[in-house]
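I set down each item as I looked it up.

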Amino acid sequence: MMKNYIKTAYRSLWKNKGFTAINVLGLSIGLATCLLIIFYVVDELSYDKYNTQADRIYRVTENVKLNGREGSSAATAAPLMDALKGNFSQIEKVARLIPTTALFWSPQKFYIKKGTENIQERSIVYSESNIFDVFTLPMVDGTPTNALTEPHTAVISESAAKKYFNKINVVGQTLTINDTSIYKVTGVIKDIPSQSHFKYDLFLSFSSLPESNVHGWGFSGIHNYLLLKPGTDIKQLESQITSLDIKNSFDPKAWVTNGNYLKVVLTPLLDIHLKAVNSQSELDKGGNIQYVYIFSVIALFILLIACVNFMNLSTARSSNRAKEVGVRKVLGSARKHLVYQFLTESTLVTFVATIISLFLAVLLLPVFNQMAGKQLAFTQQSMAWLVPSLMVIVLVIGFLAGSYPAFFLSAFKPINVLKGKMATGFKGSFLRSFLVVFQFSISIFLIIGTIVIYNQLNYIQNKSLGFDRNQVLVIKNTGVLGKQASILKQELKQLPGVVSATMSTYLPTGEDRNVTGLFPDRTIDIKKDVLTEFWPVDEDYIKAMDIKMANGRNFNKQMATDTAAIIVNEAFVKAYGEKHPLDRTVYRDSYGIQPYHIVGVIKDFHFNSLRHKVTPVVLAYAEDRGAISLKIKTTNVTKLMGQIENKWKELSPNQHMSYSFMDEDYDASYRSEQRVGEIFISFSTLAILIACLGLLGLAAYAAEQRNKEIGIRKVLGASVTTIVSMLSKDFIKLVFIAIAISSPLAWFMMNKWLQDFAYRIDIQWWVLAIAGTTAILIAFLTISFQSVKAAIANPVKSLRSE
């Protein structure tokens, strides 16, 4: 019987090639899109799952409000781990990481010697042997038990071993860091999977750090992780750790006044990548759970549109198959056999579309990877869940897409069918009209979303940032030159085409940040603390960055008192609460109380994502050799780059010079938003294309069902315009209904998305108007293709049988 169902289904589908092609094309595009999005979503949701105990690992996070400024920090106090180990029975194991960016008292740049060359290494973290008890980091050489116990010991990844020693078995070898420190390699671990919220190649022993610097409660640069026992009450433990944290803070009473608070939150390991987007001091930029939701909804929308096409086209051609059903019933066919027949047809179409979609997904995966910044691939592991999933998809979509046509067509009464009393034409089905409205509601929603996302990204790209990122060349790793970095800066300033030069690691588009507290007097009262970025810069920094002065003056190297001078931004002035801050003295508690006097105020400039408001920044007149930035103005950049490289080689012939342009660095910082925009626009276009395919099919069948009516109207003198209008108006009415439904919903949802940006556009009325007009034009052009074809046809052909 099944063989007969398949044979009959094949004949029916082959007979209606146009209908079959539209359905297969729509479903295959929809399924291919869904497969790509599923790969993206699965990759995002798989972060940190390589850890065998991932469900019991939590990170200690602090949520703080102090003096009107709120924030969340992934880094907490150094002694917290020891305090937790002895006082809380719910905790099975503890581990901690301290990134090198937290080492504000020592060089944040690490150079490892390989032969005669010093290579800058960014992938370094300090930790202890218990990191291997909490996280799954398999060791391929050495033993993890005491690998990071002794000072100046290191565990490195396989990639680092190959990079510095050209082999993997390197236990006992040594690494020379910054020409002064020698670390013994005590273990080699497998490379950490890319789906991890931290990716380090070198783990240095925590005991190598100066004890006085990292073991006090005043230092909050540690990432503390807990492996909890099964069944632990998380809320209760959070409350207990909060009490401990407040008790050991600088001023416990400060957290119960002026609306201040300090709360400890235990963040599940599996939530860090996607749900900790607003935390400071994260070890990785992370993703955004909102984008996972958005893409999942888009995938569902596209799949629904493709299924709706199938249902619409199947019911639309019901009149063409009504007599077939009637004859089958008269000849004794049971209804269930008719249902099986139609479900077999839909499943066969879905199966063919699924096979095509798989090939499309493989073909488009490299393009999608480039757009999404991923390295997704069809691996043996992915195929293990993909193939069964595809089989389920074939059955589910085949049933869902074919269910209504199957039960609808099989319910026809033979006597009505054979007498020609079946309802025909587009108006013959309320459900069909509803599905068209549903399709175009989704399409209009996606059009509005696309316009809003494009406008927001365009706003980000063109917004005045308070500094000039154009034509700024950043030479990195200049710290390797030591004192010669200053010589290089002076020589580069003399080159034709170099307008100005400055030397500092801390750049608006850079990754290096340094948060500290400044106080209005020597009492160091935490209730008066102003948390601020604290950047060491030289006297050329403001000119090179083209930052505008609001008040006061720039640094002057001729003035000896400027060694304790600072320049603050307007956000600092507001937080400080002093309208006239010039010549005021503020104090910093950093290995003794250090006074600084304010000599200037600069206008606010953006150094964080536009998702966040500008926060306080202090520029301190001090030397930092991490990078040299050149403001250039030349028509021959290649020639200038050659001159700069020659200057570099004169001072450091064995070191590789790395550089970037500041505008490219800025674009890179918003690459995730740009990628989301590109993906959203691409998939929205596909969704609209699929909807148009369905509308094209419906218009074709509507014209076919009114073929004789069109012929009679033409004989009676109807114009082509009149006939096109007659065939189009029913569809256009449905598009107007879709506009009325989807526009307010899209406005609400996109406004909610924009709330994540501190600096954002407003959704103007014309966005909704453009989306609605676009939908109407797309629908009209799609329908007109078939309507005009029907209107210009020879009426003799449609009326010859009358």
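Entry 1, strands 21 and 22. I looked up Asp589 and found that its bridge partner in strand 22 is Ile593. I was reading a predicted model here. Strand 21 and strand 22, the latter made of residues 593–602, are paired in the antiparallel sense over five bridges. I then turned to strand 17, residues 515–519, and noted that it pairs with strand 21, residues 585–589, again in the antiparallel sense but over two bridges. For that pair I recorded Leu518, whose bridge partner in strand 21 is Arg588.

I checked how far the prediction may be read. The mean pLDDT of the protein is 82, and 86% of its residues reach 70 or more. I marked residues 423–427, where the pLDDT is below 50.

I located strand 4 at residues 111–114 and strand 5 at residues 117–120; the two pair in the antiparallel sense over four bridges. Tyr111 has Gln120 of strand 5 as its bridge partner. Two residues lie between the strands of this hairpin, and I noted a positive phi near 65° at Gly115.

I traced an open sheet with the strand order 16-24-15-25 and antiparallel pairing. Which strands stand at the edges? I found strand 16 (498–503) and strand 25 (658–661) there; each has a single partner strand, so one side of each is left without a neighbour in the sheet. From one strand to the next, the twist averages 20°.

Within this sheet I examined strand 15, residues 472–476, and strand 24, residues 627–632, which pair in the antiparallel sense over five bridges. Val472 stands opposite Lys631 of strand 24.

I next asked which helices accompany these strands. Helix 15, residues 484–493, lies across strand 15, strand 16 and strand 24, and runs at about 165° to strand 16. Helix 19, residues 662–669, packs on the sheet and touches strand 15 and strand 25. I noted that the direction of helix 19 makes about 75° with that of strand 25.

Entry 5, a nonpolar surface patch. I listed Phe351, Val352, Ile355, Ile356, Phe359, Val387 and Met391, which form a nonpolar patch on the surface. Together they have about 600 Å² of accessible area. Which helix supplies the largest share of the patch? I found that helix 11 does, with five residues; Phe351 lies in this helix. Helix 11 (335–372) and helix 12 (380–410) each supply at least two residues.

I noted that the structure holds 17 salt bridges, and I followed one of them. Asp284 forms a salt bridge with Lys199, with the closest N and O atoms 3.5 Å apart. The pair links distant parts of the chain, the two residues being 85 residues apart. I placed Asp284 in the loop between strand 14 (279–280) and helix 9 (289–316). Lys199 I placed in the loop between strand 10 (181–189) and strand 11 (202–205).

Conventions: Residues are numbered from 1 along each chain as its sequence is written. This is a predicted model: local features need pLDDT of at least 70, side-chain atom pairs count only at pLDDT 80 or more; totals for chains, interfaces and linings use all residues. Side-chain values use heavy atoms; hydrogens and water are left out. Two strands pair if DSSP finds at least two bridges between them. Axes are lines fitted to C-alpha atoms, for helices over the stretch in contact, and angles run from 0 to 180 degrees between N-to-C directions. Contact means heavy atoms within 4.5 Å. pLDDT is the predictor's confidence in each residue, from 0 to 100. Patches are made of residues with over 30% relative accessible area and no salt bridge: like charges are joined within 9 Å, nonpolar side chains (Val, Leu, Ile, Met, Phe, Trp, Tyr) within 5 Å. Accessible areas come from the Shrake-Rupley method with a 1.4 Å probe; for residues, only the protein chains shown count as cover. A salt bridge is a side-chain nitrogen of Lys or Arg within 4 Å of a carboxyl oxygen of Asp or Glu.
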